[in-house]
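Have the model open as you read.

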Amino acid sequence: METATKQSFDVAAIREQFPVLKQEVNGYPLTYIDNAATSQKPLRVIEAVNHYYTFYNSNIHRGVHTLAEKATNAFEATRKSIQQFINARESEEVIFTKGTSESINLVAATYGRQNLSAGDEVIITGLEHHSNIVPWQMVCEEKGANLKVIPVSDKGEISIDDFKNLLSDKTRIVSVAYASNALGTVNPVKEIIKLAHQAEAVVLLDAAQAVPHLEVDVQALDCDFMAGSFHKMYGPTGVGFLYGKRHILEEMPPYQGGGEMIKEVTFEKTTYNDIPFKFEAGTPNIADIVATKEAIGFINELGRAAIGNYENDLLAYGTQKLQEVDKLRLIGTADHKVGVLSFVLEGMHPFDVGMMLDARGIAVRTGHHCTMPLMERFGLEGTVRASLAVYNTKEELDVLIEALKKIAGRIK
Ligand code: PMP
């Protein structure tokens, strides 16, 4: 029997808000299940961008005129809404960036450079996105520090015991995915953070795949940094956030130099602005940050618990139905997952499966999902990945399963 929450979840009404979903692709209704790559945007987000440029486009923070004040207020209102969304103590702890990649690069290039010395260690997991591998490799190489990797099990999970074995008095930074984009695994981040803090290491959570699906609370988690991308949470592309604890951000050197991040500049000496502006050099993507507030509003109005319940239901349904497909192997069977269904069809390249699904109007992602080391761990070049959002339905999963059955039927 369905719960009251699930019954009150009106997916048809939600889909109405997403104009892009109302189209045919290759003669079939679009089945968009590539949400881990980027989610679609509700009309209120699209209209907010339009409204900003139509009525109050202006540069922020420095202007005294009416439009500049309006733009500044709207920009800062989004910061406040992100603060509340992740439950940061203060809005100054929220820095706007281009997205998760830039947020992690920022921490590696500032905190990492400042705090890593030869022989120190940074710990990541074997299921990280390249964005949470390469910035650490770069700073480790520069500083003579070492990158340690928590291994991944056949189910796609990591073990706390393995983490404990890697932790030492040399560990300075632990940087892990809250949820895996390639497998959907939700990592035991709370325990990781507690153990890392006992070893006096700081923890960054790559929450790109967590914030759209889970109730995220940076104070309850006690993470030191968190990175996320708004385009995966029904907002615009090219904008995201870095959360950091105030006392850590204040100690960190700036990332980029330029306008906005300074207090006073002379040719002899420059003093830096307070957080968050110290880390926000140059004119940001004002329109898309402003519109992000509508994406947060969209999620909040549905409620993250209700979104989580609904998506879990879809995930369970899809996981069970995929077992009906001959020659299909699910990659990533962790006990705790977000809505990611990664799989291979034995005897067929993931790219070919993706092309055949596209011919049926089904949008999935194929390949290594920017997790090449993880694919290597499973002995695969890549997978086919269906990833779910709040507007997806069981009927869409049926369309996927039927198409896969036909494709599998052609494998000799
Ligand atoms: N980390 C994870 C877990 C991701 O899924 C992604 C996006 N696929 C990123 C980092 C990078 O995000 P962005 O491209 O928005 O910077």
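## The ligand's contacts

How far does a polar side-chain atom of serine 101 lie from an oxygen atom of the ligand? That distance is 2.6 Å, which counts as a polar contact (a pair of N or O atoms within 3.5 Å). On the nitrogen side, a ligand nitrogen is 2.7 Å from an N or O atom in the side chain of lysine 232, and a ligand nitrogen is 3.3 Å from one in the side chain of histidine 129.

Residues around the ligand (a heavy atom within 4 Å) include Gly99, Thr100, Asn181, Asp206 and Gln209. By class, that shell has one nonpolar, nine polar and two charged residues, with Gly counted as polar and Asp, Glu, Lys and Arg as charged.

What about cavities, meaning sets of points on a 1 Å grid over the protein atoms alone where a 1.4 Å probe fits but cannot get out? The structure holds two of 30 Å³ or more, volume being the space filled by probe spheres set on the points.

The largest has about 40 Å³, and its lining (residues with an atom within 4 Å of a point) includes Arg62, Glu260 and Glu280.

## About the model

This is a predicted model, where local features need pLDDT of at least 70, side-chain atom pairs count only at pLDDT 80 or more, and totals for chains, interfaces and linings use all residues. Residues are numbered from 1 along each chain as its sequence is written, and side-chain values use heavy atoms, with hydrogens and water left out.

Note on methods
Polar contact = N/O pair within 3.5 Å; in protein donor to acceptor, adjacent residues only side chain to side chain. 1 Å grid on protein atoms, 1.4 Å probe; cavity = no way out; pocket = protein on both sides within 12 Å on 5 of 7 lines; lining within 4 Å.
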